[in-house]
Amino acid sequence: MADTNARPRLDQTPQWNALGKHREEFGDTHLRELFAADPERAERYTVQVGDLTLDYSKQLVTDETLQLLRDLAAATGVAELRDAMFRGDKINITENRAVLHTALRTQSAEVIDVDGENVVEGVHQVLTKMSTFSDRVRSGEWKGHTGKAIKAVVNVGIGGSDLGPAMAYEALRPYTARDLTFRFVSNVDGADLHEAVRDLDPETTLFIIASKTFTTIETITNAKAAKKWLLDGLAADESAVAKHFVALSTNGEKVAEFGIDTANMFEFWDWVGGRYSFDSAIGLSLMLAIGPDRFREMLAGFRLVDEHFKTAPPEANAPLLLGLLGVWYGGFFDAQSHAVLPYSHYMSKFTAYLQQLDMESNGKSVDREGNPVSWQTGPVVWGTPGTNGQHAYYQLLHQGTKMIPADLIGFARPIAELGDLAGQHDLLMANLFAQGQALAFGKTAEEVEAEGVAAEQVPHRTFRGNHPTTTILAAELTPSVLGQLVALYEHKVFVQGAIWNIDSFDQWGVELGKVLAKRVEPALTEGAEVPGLDASTSALVARYRALRGR
Ligand code: F6P
């Protein structure tokens, strides 16, 4: 049934059309011209949020562009939807759920009601339970089945139950307890678990089974394999599970069914989306690594950006700004992807984490009313740590034919314990700044000629420039700064979903593959007939069976 409250289609709003007209006028305006025309541009187009400085002066925007984009945000009700999210309204419409990852970082005195219950109380109870458990494991007080302290922690989960803690563990490695080993297993390929545990001792290993639903086939299969590895290794019966397995889940029934005592379960709730969950119980492995105090510092970082997103005026609202820039490039420059390029080894998993956050949230093609959209939604998010990328794919960024906006992320101070033996950090950051400059301003044919380059070589050595970047700079990668960065991107994704009028909080797109895998599996194992299997897949299954000697 048609929703009478449905808002006008995005591409039929006057604000969208005004942007289209502005884009035509903008034409090929070059960043060189924009900087030449405004000596204050760098200063005016820099925004501060907490410890993060965002320089967006190298974006293809003018004051008029920014005003038109903010008009679009106002017309599409971004602020209203934001307030509804923070309030706990059920804005995840296809699952009829509240979207309250922001409640995970509220202070205990706050009150947020969902279905008549103050969810903040539960959040703090679980945080306390996690802290007590972390302290016991970290101090060696928690003993395994044979009475030895825990030395290794293996998180078993996938998607949001893996990427967040794995990314944050890597990012905050200098803050981790170095006498504990941490491993993250996600792939149902047995190689993943095998490599994770092959040098571990079952007597001193703790498994964390992380699954919101506790029905995800990859995780449950890996958890069963982990249990077998442990019990075989200890030559023990099921009673050993209690000291070596804990669960992070919303589903107590399934946890108990698996054989984990629900006393060893750390709870979270259906209003926490998987990809928004590593500051919930899903972050237990991270808390074990960095300790409860550092974990709380990280939560404070998240909170700081939540407050900023709620209260900063549109002109100075960093997540709003980042979201709007993506809408501008996707909608009016036909940009298909967005690169996130951290100049930090510790941030090596950050972009992979953002892929789920962004692409699972905004990879949608019908609007909230169920109509096909006729505008671009979420981009392909990609990237790796910067300097490595420079010697691999940056060629395409500089001289290829594609429009790829990018974020360059860096930190002023190296991690103290590294010692910065040969001044690597300045070199690392010089690369970041140089890339932003080269991407924006390029190198003209005249400049190349002036270097005495032979005429036929000039086109090959010319850089068009005008590739937009935002530089995000902080003093140091601390737990709080990591929380700030993640919240910044969470809210950026939110802004874009709100403008595109899609439900950023469901993920039905992953269901079909899951259902089909379940149907195909008996064909592989038993040669069962799968009704309706297409000719190509049928032949591949037959070939697979032959190769397995079945
Ligand atoms: O299949 C996609 C997904 O539902 C993600 O959204 C989620 O993060 C992941 O699977 C893991 O789900 P769970 O935590 O329930 O095992």
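Leaving aside neighbours within four places in sequence, S504 is in contact (heavy atoms within 4.5 Å) with R275, Y276, S361, N362, K364, V493 and G497. The model is a predicted one, in which local features need pLDDT of at least 70 and side-chain atom pairs count only at pLDDT 80 or more, whereas totals for chains, interfaces and linings use all residues. Residues are numbered from 1 along each chain as its sequence is written, and side-chain values use heavy atoms, with hydrogens and water left out. The protein averages a pLDDT of 96, and 98% of the residues score at least 70, pLDDT being the predictor's confidence in each residue, from 0 to 100.

**Two buried loop residues**

- S504 lies in the loop between α21 and α22 (511–526), helices (H or I, at least four residues) and strands (E, at least two) being DSSP runs numbered from the N terminus.
- At 3% relative accessibility S504 counts as buried, a term that means under 20% relative accessible area, with exposed over 50% and partly exposed in between (1.4 Å probe, protein chains only).
- G291, placed in the loop between α12 (284–290) and α13 (292–311), also counts as buried, at 4% relative accessibility.
- Leaving aside neighbours within four places in sequence, G291 is in contact with R138 and L286; G291 and S131, which are 160 residues apart in sequence, have their C-alpha atoms 7.7 Å apart in space.

**Nonpolar cores**

- The largest nonpolar core has 125 residues, and W271, F350 and L482 are those with the most contacts inside it; such a core is a set of buried Ala, Val, Leu, Ile, Met, Phe, Trp, Tyr and Cys residues joined through side-chain atoms within 4.5 Å.
- Helix α21 (residues 479–500) gives this core its largest share, 13 residues.
- At least three residues of this core come from each of domain 1 (10–76 + 312–411 + 422–500) and domain 2 (102–295), with the bounds taken from an automatic or database domain assignment.
- Leaving aside neighbours within four places in sequence, the contacts of W271 include A98, V99, L100 and H101, as well as V114, V119 and V123.
- A second, separate core of 26 residues includes A152, V154, L234 and V255.

**The six-stranded sheet**

- Six strands form an open sheet in the order β1-β2-β13-β12-β10-β11, with mixed pairing; two strands pair if DSSP finds at least two bridges between them.
- Because β1 (46–49) and β11 (380–382) stand at the edges with a single partner strand each, one side of each is left without a neighbour in the sheet.
- Strand β12 (residues 406–411) and strand β13 (residues 469–474) pair in the parallel sense over six bridges, and G410 stands opposite L473 in β13.
- Helix α14 (residues 318–332) packs on the sheet, touching β1, β2 (52–55) and β13, and its direction makes about 135 degrees with that of β1; axes are lines fitted to C-alpha atoms, for helices over the stretch in contact, and angles run from 0 to 180 degrees between N-to-C directions.
- Helix α15 (residues 350–362) also packs on the sheet, where it touches β10 (337–342), β11 and β12, its direction making about 165 degrees with that of β11.

**Strand β8 and its partners**

- Five of the five residues of strand β8 (residues 245–249) are buried, with F245, A247 and S249 on one side and V246 and L248 on the other.
- Strand β7 (residues 205–210) runs parallel to β8 and is joined to it by four bridges, and the bridge partner of A210 in β8 is L248.
- Three bridges pair β8 with strand β9 (residues 265–267) in the parallel sense, and the bridge partner of S249 in β9 is E267.
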